[in-house]
Amino acid sequence: MTAPKEIVRLDVNGDAQEVGAPGHFTLLETLRYVLGLTGTKQGCDKGDCGACTVIVDGVPTLSCITPVQEAVGCRVVTVEGLATALGPHPLQDEFDLNGAAQCGFCTPGILCSAVALLERNPAPSRESIREALAGNLCRCTGYSKIYDAVEAAAARLNGASAGGQGDQP
Amino acid sequence: MSQRKTKWDNVLIGTNMRKVEGLAKSTGRAVYTDDVTLPGMLHGKILRSPHPHARIVAIDTSRARALDGVHGVITGRDMPTTYGIIPWTPDEYPLCVDRVRYVGDGVAAVAAVDEDTALRALDLIDVEYEELPAFFDPHDALAADGRTPYVHDARKEGWNGNVTKMVHLEFGEVEQGLDDADVVVEGEYFFEGTTHAPIEPHCAIGQWDGVGRLTVWSATQVPHYLHRELARVLEIEQAQVRVIQPLVGGAFGGKSEPFDLEFCVGKLAMVTGRPVKILYTREEVFYAHRGRHPFHMRYRTGATRDGLLTSVDAKILLDGGAYASFGLVTTYYSGQLLCAPYAMPAYRFDSTRVYTNKPACGPKRGHGSVQPRFAFEVQIDKLAERVDLDPIEFRRRNFIGENTRTVNELRITSNGFLECLESVERASGWKEKFRRLPFGRGVGVAGSTYISGTNYPIYPNEMPQSAVQMQIDRSGRVAVFSGASEIGQGCDSVVAYIAAEELGVPLEWVRVLRGDTDFTPVDLGAYSSRVTFMLGNAAIDAATRLRRLVQDAVGKTWGVPPSEVLLAGGFAVWAPDTGRQMPIAEAFNLAEARHGTLGATGWYNTPKDVHGEYRGGTIGASPAYSFTAHVAEVEVDVDTGIVDVKKIWVAHDCGRALNPVLVQGQMEGSAYMGFAEAIMEEQVFKDADHGRAGLHNAPSLLDYRIPTSLDTPELEALIVESIDPEGPYGAKEAGEGPLHPSIPAIANAIYDAVGVRMDRLPFTPPAVWRAVEAARAGGTLRKPAAPASERATPVATAGQAVTAD
């Protein structure tokens, strides 16, 4: 029979809610299989690949090795929480414009790592971007296009080229 | 296709565009197989063999069946039909019936209410094995005499059952060519196996509707072949099977044939009447493998003192692992794809693939030709030095040309290899760097070719290789039904770009409906770099049919010839006076009124009369070949053996870049993956002296070292466009070719840096350090001498023959 569930209080993408999840579930399992927030991906289930990265209280966090209990009382942001009613986050848009997502499976985790970077360092050097993304494996791109997207998003967020590339089809 | 536009007539094609699913991917809305949940869905798990080679004496599943929450248990006896991607070598069962052949071979599967229950049930399955001696080394497998059981039973009395395939092909006078050569270089090379490691693990879901229809969702790059094999193995009609392919989170060849989980979810769904999902663990992905074969290679290559190749002789042993997979093709590709971009008057290859008791090898990006390309491009570097030529000049002199045939009779049409060489030579500052950088720093060059799909499909048939259905209506939107396999490379976008280009609608008005064998025409899959070439031509075909109907209706309304009606940018426009125009939706209204509901199919089939006239001459035959050149710059630390790849310049002749940003992405991703195989990655297994024999040495993404952002060198993509006469708008492939030269370019750069040849992969610090120490002991650890032509024109840093202490 299925494992008994426990009630945990979570704040995910601004929604405070009570969630029933088996006590041994990770934050990743809870997001994906209980809340239906499948944007966050499982690549290895042991903290090696970074695909499951979400932002917990501003810090990029591997949700596949975070027990759900540890997220209680924290603000959790997933890839689904980056866009607003006005549209996608500039980084999400730049990922598309720059071809930074090929298969797209590592993308949610990379976006979370990069958004957390931009929040603490609005104008990162390419070297800082490389370091901030070192925990997120991408198998498709060779990373170059991802750096381009992060730099373009930083410029947009800083108003340096507001809307500059947003008019492409 | 006679009305095809030329390069300069296009509005969208050739510009940087978004991908159709790009924002879905970056906002988390994109749906992959494991994101699908069905009501009442069960979770499946597969019990795997702990032994590399054993007979299954008995399996008792009764305790597992009795466990609360278990709904179904199956074993090999429930699906006793062999399958295999190559029709001539069906040698595996979904679950083993009487013998296991590698650690990880599946023997039973369960479906239960949740994953934990399924795992507990696996522990309750009792399997009695009789262990057998195992083969791990391909040389041992080849030398076997049958005293212990072969990995597979011999197909004929007296044959070695460990041999999957032997190919011996000879073109021209090989021995004569070697005798006539002024210089002959002989070398032995080893390419270690590597695996794809897509970030998405394999996943599949089966659903049986109880009255004869099976639906399987799968992270596959070949839904069509999966469709066929599911029907065959599960003994139902193909018309009863529907395969849905959600977006795929990376594949690289690692999802290009059916896997055990797809059959198991189908069978378990049929047995339990409930939907069943199986998601591989990361460890299972490493054991499922089908990655790059380890190759043991020996080459003899001859050249004249002017640097012209005279003859090439190759002998290759492929370590295939436990099953055939694509191995028959791999064995041919190991030799067939070497005959360009250089002219060679004589060529022979002798390739043998053997079975071993390890996970099966198969196709990985650059299937079968990345390994020989490594060896051969290092051979060329050695020859160039022997005849005192710059290695780029050596390659130029041997350029095979365009519109020609290779020595093994493959038809070459467009060929931009010289531009590729020139491009990397200029961008890398080659002339200032080759043999002129200080000791420890060096540059290397390599070239290659690759197919844009194969003229002959995997199973013989005369039907189209790719097709799309297109539908337009009065709203102005275009619906494209595409059966092609989007695995991240952008093929859904390619059909959208073409539809928008040909029908004149904004890109965002195009809907691509995809990945479902119930409503899309057949496309054979994402493999052998076939998709843009074949799907693109199919999409042009369909769009052209529709465009003519719209042009006809508008032309009649305006009283002008249809050929003067242009569809572009959201409008129908009269070419002689562009002030005369109407919105495209209005034009579609006119067409719908005049011609009825508007839909068209379009398809592409390969030329069937273009191949070599010999047994095997169809393998390697492609409608077009891409060409690539790389320059790599490295720094070698002789004290630690660490090779720091600083930068790779990648020039690739993709025919025509339909969307340059996506082409660059393929080029950069390819170079990254080649770099990884050169420096970091190895798919290796323990032997009896190092733990349990047959266990994977590092089945995790931490220990199997794929490059992080900090490991990956700077990559510069340089697009070369040769405008292929048969490709869509002139396009050829860009997804696999650009990987090939990475590895030999790095090897050749290491030589330029410290004078040490690395003929065995990967170039890990211990391997490089040992080679450096051997060179130091032999007195050869130094900057190699520049070619004579370079010595004649010294620059400031020239002639630094610095010897390490």
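**From one loop to its surroundings**

Modeller: Pro762(B) lies in the loop that runs between helix H18 (742-754) and helix H19 (765-778) of chain B. The model is predicted. The peptide bond leading from Leu761(B) into Pro762(B) is cis, with omega near -10 degrees. Most peptide bonds are trans, and most residues other than glycine have a negative phi.

Phi of Tyr729(B) is near 55 degrees, which is a positive value in a residue other than glycine. Is Tyr729(B) buried or exposed? With 26 other C-beta atoms within 10 Å, Tyr729(B) is buried, because 20 or more are enough for that label.

Next comes Ile750(B). Leaving out residues up to four places away in sequence, Ile750(B) touches Gly442(B), Val634(B), Val636(B), Val643(B), Val756(B), Met758(B) and Phe763(B). Ile750(B) is also one of the residues with the most contacts inside the largest nonpolar core, along with Val495(B), Ala499(B) and Ile746(B). That core has 306 residues. Its largest share, 14 residues, is supplied by helix H15 (residues 531-558) of chain B. In soluble globular proteins, nonpolar side chains tend to be buried together.

Now the sheet. Four strands of chain B form an open sheet in the order S18-S26-S27-S28, with mixed pairing. Strand S18 (441-451) and strand S28 (714-720) are its edges, since each pairs on one side only. From one strand to the next, the twist averages 15 degrees. Within the sheet, strand S26 (residues 625-636) and strand S27 (residues 643-653) of chain B pair in the antiparallel sense over 10 bridges. One example is Thr628(B), whose bridge partner in S27(B) is His652(B). Helix H12 (residues 417-428) of chain B packs on this sheet, where H12 touches S18, S26, S27 and S28 of chain B. The direction of H12 makes about 25 degrees with that of S26(B).

Another helix of chain B can be checked for length. The 20 residues of helix H17 (residues 660-679) should span 28 Å at 1.5 Å a residue, and the end C-alpha atoms of H17 are 28 Å apart, so the two values agree. Helix H17(B) is mostly covered, with 19 of its 20 residues buried.

Helix H17 also takes part in the contact between the chains. In total, 50 residues of chain B are in contact with 46 residues of chain A. On the chain B side, the elements that give two or more residues are helix H1 (22-27) and H17 of chain B. The largest share of that side, 7 residues, comes from H17(B). By kind, the residues of the chain B side divide into 22 nonpolar, 17 polar and 11 charged.

Chain B has another pair of strands to look at. Strand S20 (residues 478-482) and S21(B) pair in the parallel sense over 5 bridges, and Val478(B) stands opposite Val510(B) in S21(B). In a regular strand the side chains alternate between the two faces of the sheet.

Some loop residues complete the account. The bond from Ala340(B) to Pro341(B) is another cis peptide bond, with omega near 5 degrees. Pro341(B) sits in the loop between helix H9 (327-336) and strand S15 (347-354) of chain B.

Gly161(B) is placed in the loop between helix H4 (138-143) and strand S7 (163-171) of chain B. It is partly exposed, with 18 other C-beta atoms within 10 Å. Apart from neighbours within four places in sequence, Gly161(B) is in contact with Tyr150(B), Val151(B), His152(B), Asp153(B) and Ala154(B). Gly161(B) and Tyr355(B) are 194 residues apart in sequence, and their C-alpha atoms are 8.3 Å apart in space.

In chain A, Asp45(A) has a phi near 65 degrees, a positive value in a residue other than glycine. Asp45(A) belongs to the loop between helix H1 (27-34) and strand S3 (53-56) of chain A. With 19 other C-beta atoms within 10 Å, Asp45(A) is partly exposed.

Notes: Residues numbered from 1 in each chain as written. Chains lettered and ligands numbered in written order. Predicted model: local features only at pLDDT ≥ 70, side-chain atom pairs only at ≥ 80, totals over all residues. Core = buried A, V, L, I, M, F, W, Y, C linked by C-beta atoms within 7 Å. Buried ≥ 20, exposed ≤ 12 C-beta atoms within 10 Å, placed from the backbone. Contact = placed C-beta atoms within 7 Å. Pairing = 2+ DSSP bridges. Axes fitted to C-alpha atoms, helices over the stretch in contact; angles between N-to-C directions. Expected span 1.5 Å × (residues − 1). Nonpolar A, V, L, I, M, F, W, Y, C, P; charged D, E, K, R; others polar.
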